[in-house]
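We'll start with the strand pairings and then look at a few individual side chains.

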Amino acid sequence: MNYGKIKNCDIANGPGVRISLFVSGCRHHCKGCFNAEAWSFDYGKPFTAETEQSILDLLRPDYIQGFTALGGEPFEPENQPTVTGLLKKIREQYPKKDIWCYTGYLYDVDLVPGGRVYTGVTEEMLSYIDVLVDGEFIEAEKDISLQFRGSRNQRILTLSQSRS
């Protein structure tokens with residue numbers, strides 16, 4: 001997997017101060033996408049063990065509330081194994097920090113058994129995510145007043161509550 005950027009002081013993609021990983025590769029190609037360069041799976045740099053350790057180190061300070069995975073598209077089948085491994089390590093090392101993930105896929109359609117991008121690790125990946133923002137960005141529904149999402153069709157789903 002490749003990634004485009006790691007933000008070490010993100011306040012736009014979830015509550016509080018966060019570490020955010022922008023993965024590469026996305027098949028949605030939403031009109032008006034803020035990160036169209038990340039559509040290519042070859043964009044950016046390879047995600048390595050050193051990259052993973054850097055993220056884990058960045059998460060250490062108490063003022064960091066959590067981690068966000070976005071893209072590109074974290075739920076592209078090619079990205080799921082690497083993202084799942086990272087989320088597992090974050091959950092193990094920082095159980096009190098929250099994990100957010102953005103996807104253009106729909107939780108109850110595409111990420112379920114038989115769904116478009118359901119793989120052998122999808123359920124595990126979802127099990128580490130506290131909040132999932134789902135749905136493609138739709139330019140006609142863009143609303144800059146929305147918190148943590150770009151268009152009105154996108155949903156903010158609290159997965160950790162549904163597991164309790």
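In which sense do β5 and strand β6 pair, and over how many bridges? The sense is parallel, and the count is four. Keep in mind that this is a predicted model.

## β5 and its partners

Strand β6 covers residues 131-134, and one spot to look at is Cys 101, which stands opposite Leu 132 in β6. To get from β5 to β6, the chain goes through helix α3 (residues 122-128), making a right-handed β-α-β crossover.

β5 also pairs with strand β4 (residues 64-70): these two run parallel as well, joined by four bridges. Here Phe 67 has Ile 99 of β5 as its bridge partner. There's a right-handed β-α-β unit on this side too, built from β4, helix α2 (residues 80-93) and β5.

## How enclosed is β5?

Strand β5 spans residues 98-103, and six of its six residues are buried, so the rest of the structure largely encloses it. That goes for both faces: Asp 98, Trp 100 and Tyr 102 point one way, Ile 99, Cys 101 and Thr 103 point the other, and all of them are buried.

Over in strand β1 (residues 2-10) you'll find Asn 2. Is Asn 2 buried or exposed? With a relative accessible area of 16%, Asn 2 counts as buried because the cut-off for that label is under 20%.

Its side chain has a couple of backbone oxygens to talk to. A polar atom of the Asn 2 side chain sits 3.1 Å from the backbone oxygen of Asp 42, and the side chain also reaches the backbone oxygen of Tyr 43 at 3.5 Å. Setting aside neighbours within four places in sequence, the contacts of Asn 2 include Val 23, Ser 24, Phe 41, Gly 44 and Phe 47.

Cys 9 is exposed, with a relative accessible area of 54%, while Cys 33 is partly exposed at 27%. Cys 101, back in β5, is buried.

How values were computed: Residues numbered from 1 in each chain as written. Predicted model: local features only at pLDDT ≥ 70, side-chain atom pairs only at ≥ 80, totals over all residues. Heavy atoms only, no water. Buried < 20%, exposed > 50% of the residue type's maximum accessible area, 1.4 Å probe, protein only. Polar contact = N/O pair within 3.5 Å; in protein donor to acceptor, adjacent residues only side chain to side chain. Contact = heavy atoms within 4.5 Å. Pairing = 2+ DSSP bridges. Right-handed = clockwise from strand over helix to strand, strands pointing away.
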